[in-house]
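Colleague: Could you take a close look at one part of this model for me? I'd like the packing around a single side chain, and then whatever connects to it.

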Amino acid sequence: MAKIIMFLFVPIFLFAQNTPIRELIFENVTNDTISSATSADSIYIQFGNAGGTWQQLTESLNDTAYVTNDDKDAGTVVQFTLSGESYWTYAPQVRFEIRSTGIDTITSRWINVSYLNGACLLTITPDTSGTTTDYGNSVLEGN
């Protein structure tokens, strides 16, 4: 009887475990650079792998929902609380776009978030060099 009870509780224990995530969103992506260091960049998210609509992120932990020119110049990290977005939902995968209006757009790879509880933090890290801004160190974290 004890073995049967143990056999029944092992799957419950395993599925209850939290597996944290810390992923570079532009890892293995050919382009992670915006060609302008002087314009504000906006951040968008797309849910699922079926190509849903892009939604702009607004729940920033700092004073703006954009990566501003000042943020780029100072190398200021901009963080977004994804679970605070009004449209945040369960999805198997997400990906992000950084758009510099009228200049160019970079798109991240798909990141698997199906096993997370929904508490995700997107950290956008601009690194300005000359006239370009590199976002290669931007990270999605969660549990």
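**Around L82**

Modeller: Let's start with the neighbours: leaving out residues up to four places away in sequence, L82 touches I45, L57, W88, F96, C120, L122 and L140. Keep in mind that this is a predicted model.

L82 belongs to the largest nonpolar core, which has 26 residues. As for where the core comes from, β3, β6 (78-81), β7 (93-100) and β10 (120-124) each supply at least two of its residues.

Zooming out for a second, the chain has two helices and 13 strands. Of its 143 residues, 36% count as buried. Take the contacts with a separation of 6 or more: 69% of them are between residues 24 or more positions apart. The exposed surface comes to about 8,000 Å², and carbon and sulfur atoms supply 54% of that.

Now the charged pairs, since one of the core's strands turns up again here. There are five salt bridges in total. Strand β3 (residues 41-47) carries D41, which pairs with K72 of helix α2 (residues 69-74), 31 residues apart. The side chains of D41 and K72 meet at 2.8 Å, N to O. Buried or exposed, where does D41 fall? D41 counts as buried because its relative accessibility is 0%, and the cut-off for buried is under 20%. K72 is at 1%, so K72 counts as buried too.

Another pair to check is E141 with R22, a salt bridge whose closest N and O atoms are 3.2 Å apart. Here E141 sits in strand β13 (residues 139-142) and R22 in strand β1 (residues 21-24), so to speak distant parts of the chain, 119 residues apart. On accessibility, E141 is at 28% and therefore counts as partly exposed. R22, with 60%, counts as exposed, the cut-off for that class being over 50%.

Then there's E27 and R109, whose side chains form a salt bridge at 3.7 Å, N to O. Again the two come from distant parts of the chain, 82 residues apart: E27 lies in the loop between β1 and β2 (33-34), and R109 in the loop between β8 (104-107) and β9 (111-112). E27 has a relative accessible area of 37%, so E27 is partly exposed. R109 also lands in the partly exposed class, because its relative accessibility is 21%.

For context, most residues other than glycine have a negative phi. N28 counts as exposed because its relative accessibility is 78%.

Conventions:
Residues numbered from 1 in each chain as written. Predicted model: local features only at pLDDT ≥ 70, side-chain atom pairs only at ≥ 80, totals over all residues. Heavy atoms only, no water. Salt bridge = Lys/Arg side-chain N within 4 Å of Asp/Glu carboxyl O. Helix = DSSP H or I, 4+ residues; strand = E, 2+ residues; numbered from the N terminus. Buried < 20%, exposed > 50% of the residue type's maximum accessible area, 1.4 Å probe, protein only. Core = buried A, V, L, I, M, F, W, Y, C linked by side-chain atoms within 4.5 Å. Contact = heavy atoms within 4.5 Å. Areas by Shrake-Rupley, 256 points an atom, 1.4 Å probe, with all protein chains shown as cover.
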